[in-house]
Amino acid sequence: MNLFICQTIAIGCGYILDLLIGDPHWLYHPVRLIGNLISLLESILLKEKDTSAKKYRKGMVLAILTPLITGIVIVSILVVGYHINMILGCVIETIMCYQILAVKSLKVESMKVYYALDKEGLQKARNAVAMIVGRDTKQLDEHSVVRAAVETVAENTSDGVIAPLFYMMLFGAAGGFVYKAVNTMDSMIGYKNDKYLYFGRFAAKLDDVVNFIPARIGGCLMIVSAGIAQLAEKCNTKDKTNSHYSIGNAWKIFKSDRKKHSSPNAAQTESACAGALKVALSGDNYYFGKLVHKPQIGEAIRPLEAGDIGRSNILLYITAFLMVIIVLLIRLIIMLAVR
C-alpha cells in the first residue's frame, strides 16, 4: 500500500469520522495548538513602540513561521508513523484529516441557535450565536440572529470544509493543516484595527490567496447543492410549485453579488447560499462597538426565518459530500493514470 493510496483512504475515512463524531468539547483540538503558537510568536514579535513598517515586517515573519512550523511538525509525525508501519501511518493521517474538517461541528453549533430560538428565547439565541460569530450580538433581534447563523454556515462551508479538502487533495493531511494555520492566523490577527492593521496585514493577504480557488469551487458546488435540495424538497412535499431552494436564483445571485465584500472570497459561498435560499444576507453589523456598513447580498424573495439555519446546513452537507466525491475521484484517476 503506497503513500498516495493511504492519503486517499485517510481523506475519505476522515470525512466519515467528522460526520459521525464532529468536534466533542472534551477532545483537545490541535488547531488550539496552532493558536497557541500564533499567540507565542505575537508576544515575542509585536511591540507597541514599533513603526507601522516594522509591524508589517514582523507580521510577515509570523505569517511565514506559523504554517512552516505547522507543516514540519505534521510531516514529521506522519513520516515516523509511516516508517513504523503503513497502516499505522494511514490511521494517524485519518485522524488528522478528521480533525481538520468541520462539517458536523458547524451544523451542531449553528443549530444550537435554532433550538435556542425555538425553545429558550432570544437572549439564549444571542448567547449561542455569539459563540460562532465575531460581531456584537447583545442587541440583535431574531432576524439578525438567524442571519448571523446562516451567514456563518455559508462562509465556513468554504474555509471549514471546501478549502481543507482542496489542500488535502493536493498534499494530504499536511496540506490541510498548513491551510488551517493560515486560516487561524487570519482569524486571530487579520483585523483592521489599531493593533493588527499592519502586523496582521500579510497574514490576511495570505489567507485571501490560499482561499481564492477553494472559495469559488465552494460557491459553484453550493449552486449545484441548491438544485439537489430543490429537487429533493419537491419530491417530498405535496406542493410541487414552491420550494425553499432555487438553483436558478443561486446562480443569479452568485454572479451578481459574489464580489460584494471587502474580502475577495467571503461572499462566494454566501452569495450562493443567499440565492439558493431566496433570502437577503449580510448588511450592517456592529464589531467591538463600531458600526460597519456592508452591502446586502441576495434578494429577499421571501423573509428569512429560523428554519433557514437548518436549510443552510442541508446545503453545507450536500456541498461537502460533492467536494469529497470530487477529491476522491481526482485522486483515483491519478492513481490509475500513473500505474
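Helices (H or I, at least four residues) and strands (E, at least two) are DSSP runs, numbered from the N terminus. This is a predicted model, in which local features need pLDDT of at least 70, side-chain atom pairs count only at pLDDT 80 or more, and totals for chains, interfaces and linings use all residues. Residues are numbered from 1 along each chain as its sequence is written, and side-chain values use heavy atoms, with hydrogens and water left out.

**Exercise 1.** Determine how many helices and strands the protein has, and whether its radius of gyration agrees with that of a compact globule.

*Solution.* Step one: the secondary structure consists of 11 helices and 4 strands. Step two: the radius of gyration is taken over C-alpha atoms, and the globule rule is 2.2 Å times the number of residues to the power 0.38. Step three: for 339 residues the rule gives a value near 20 Å, and the protein has 20 Å, which agrees. Step four: the C-alpha trace spans about 60 × 60 × 40 Å along its principal axes.

**Exercise 2.** Describe the place, phi and burial of Ser282.

*Solution.* Step one: Ser282 belongs to strand β1. Step two: its phi is positive, about 65 degrees, although Ser282 is not a glycine. Step three: buried means under 20% relative accessible area, exposed over 50%, and partly exposed in between (1.4 Å probe, protein chains only). Step four: Ser282 counts as buried because its relative accessibility is 10%.

**Exercise 3.** Carry out the analysis for Lys278.

*Solution.* Step one: Lys278 is found in the loop between α10 (266–277) and β1 (281–282). Step two: Lys278, not a glycine, has a positive phi of about 60 degrees. Step three: with a relative accessible area of 17%, Lys278 is buried.
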